[in-house]
Amino acid sequence: MSILNVDYMLGLFPILVSYLPLTLGMAAAGMVMALILSCCLAVIRVLRLPILNGLTKLFISFFRGTPLLVQLFLFYYGFPKLIADMAGVSVTILGHTTVLPMWLENATEISAITAAIIGLTLHFSAYMAESIRAAIVGVDRSQTEAALSIGMTNGQLMRRIVLPQATRIAVPTLMNYFIDMIKATSLAFALGVTELMGATQKEAASSFNYFEAFITAAVLYWAVVELLAWLQRRLESRLNEAYRR
Amino acid sequence: MIKVDKLVKRFADSVVLDGIDLEIQQGEIIVVIGPSGTGKSTLLRCLNFLEQPDAGQLTIGDLSVDVTRATRRQILEIRRRTAFVFQNYALFANKTALENIAEGLIVVNRWPEAKAHERARQILERIGLKDKANAYPASLSGGQQQRVGIGRAMAAQAEVILFDEPTSSLDPEWVDEVLSLMKQLAEERQTMLVVTHEMSFARDVADRVVFMEGGRIVEQGPPSELFRAPKDPRTRDFLRKVLPEAPVESPLF
């Protein structure tokens, strides 16, 4: 008997590949939503909007300060339980007593995949908001002045001048977060989602080929990340076109 | 016509502009000179509302505003009527030479892109950079960048172009090409207000030279008078420093 069961790995490979769409799908959905949310948070921080700025700081502090796994458990087990327990409870606010409706019991039941995507979105948007904010602030002040001097409004100068230049500054970091997020989808396994990591675990447990199974999964993650890194280099080189001497 | 009345600008507790009165006729070329830190650049920046002035009245054509009560809309309108050329060029780094010139026409004046690019091409030809239409600022020399900066200001068709030390950041080899473009504009009677240390430009091109010191206009007049026979001792002092080859005679002696 050989040390490494190569035939098993070759057989496992296509099985694991079939779980890639779910893994990449969760990451892509999380990334798109995190981009939207983090842009909003970054703009709130840059413009120092009253009240919202404070809330944003708290949000960022919490989601950067706690482990992603804890957050995922909170969204999947914690909040649904909390809200379900509130059904039918009577509360008194400022002398008014109301009974919370019974439909709350099932209102927040969410699938493990949804909980995972929400958790990834919130967790990564906290990090991404800070890099997007830094990128916006990093655009030279003269660019804003030049845009103002020809009569652009704040919205126009953000859209046409500042954000395109901030994008170039932010892309390398944002791509890193995307890569990180792809790997972080493996934590959804802890919520019972059978994604790439969950599938590997099942296959490994039923065949006892632990090393073969996990090294195959590792190679798969690695290949995807390398592909993305290659895309990142091409994207960066395109974004830098305007800045070559 | 442009009219500035009692314009005041303070930074923290120092008064940078201490009641400036200035009138600029259409087609007039005015050069502002004076020691560093006397508010020359701040004056230009206030006219363009890059700085919010603290008091005064600003009239550009048929628009006259009390600067402290200017609405957002009026500020935009004033900026559209005054084009700005920056010391550090400040070209849009993410846009080509052509796009830099066309940007305001497309975004601010809402021209269709094809028409704006057509106009930008004409301007590129006038500033001698037709072959650089698709070049990004980073690949242009300082002189070329500043000519595009002037082209961007020309496109705005503003009532006046404000030049804030347009040659001060340039390597000496590029100064002439920028000055000669400015002379070309002056010959076409483009209204200009120029802050510069290029005394020969002031002497050869200006209709009127304004000497500023300590946030005030000390003296103004045609270059032939102001350079040859300055009335104020502060003007004389300054000119003696910047024109060592032509000692200024005091008119009193």
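Two salt bridges turn up across the interface of chain A and chain B in this predicted model. One of them pairs the side chains of R160(A) and E103(B), with 2.7 Å from N to O. On the chain A side, helices α7 (141-149) and α8 (154-184) each put at least two residues against chain B. The largest share belongs to α7(A), with seven residues. Sorted by class, the side of chain A that touches chain B comes out as nine nonpolar, eight polar and five charged residues.

As for the extent of the interface, 22 residues of chain A are in contact with 27 residues of chain B. The size of an interface is often quoted as the accessible area lost when the parts come together. Here, the area buried between chain A and chain B is about 2100 Å², and carbon and sulfur atoms account for 57% of that. In chain A, the residues that lose the most area to chain B are S149(A), I150(A) and R160(A), which together give 27% of what that side buries.

Aromatic rings are worth a look next. Over all chains, the structure holds nine aromatic pairs. In one of them, F211(B) and F238(B) sit 5.3 Å apart, centre to centre, with 40 degrees between the planes, making the pair tilted. F211(B) belongs to strand β9 (residues 208-213) of chain B and F238(B) to helix α9 (residues 233-242) of chain B, so this pair ties together parts that are 27 residues apart in sequence. Both F211(B) and F238(B) are buried. Over in chain A, ring pairs join F59(A), F62(A), F63(A), F75(A) and F79(A) into a cluster.

Finally, a word on the backbone. Most residues other than glycine have a negative phi. F208(A), though not a glycine, has a positive phi near 65 degrees. F208(A) is in the loop between α9 (196-207) and α10 (210-239) of chain A. With a relative accessibility of 63%, over the 50% cut-off, F208(A) counts as exposed. Y89(B), another residue that is not a glycine, has a positive phi of about 65 degrees. The loop between β6 (82-85) and α3 (97-107) of chain B is where Y89(B) is found. Y89(B) has a relative accessibility of 13%, under the 20% cut-off, so Y89(B) counts as buried.

Notes. Residues are numbered from 1 along each chain as its sequence is written. Chains are lettered from A and ligands numbered from 1 in the order in which they are written. This is a predicted model: local features need pLDDT of at least 70, side-chain atom pairs count only at pLDDT 80 or more; totals for chains, interfaces and linings use all residues. Side-chain values use heavy atoms; hydrogens and water are left out. Contact means heavy atoms within 4.5 Å. Buried area is the accessible area (1.4 Å probe) that two parts lose on being put together, summed over both. A salt bridge is a side-chain nitrogen of Lys or Arg within 4 Å of a carboxyl oxygen of Asp or Glu. Helices (H or I, at least four residues) and strands (E, at least two) are DSSP runs, numbered from the N terminus. Ala, Val, Leu, Ile, Met, Phe, Trp, Tyr, Cys and Pro count as nonpolar, Asp, Glu, Lys and Arg as charged, and the others, Gly among them, as polar. Rings of Phe, Tyr and Trp (its six-membered ring) pair if their centres lie within 6.5 Å; planes under 30 degrees apart count as stacked, over 60 as edge-to-face and the rest as tilted. Buried means under 20% relative accessible area, exposed over 50%, partly exposed in between (1.4 Å probe, protein chains only).
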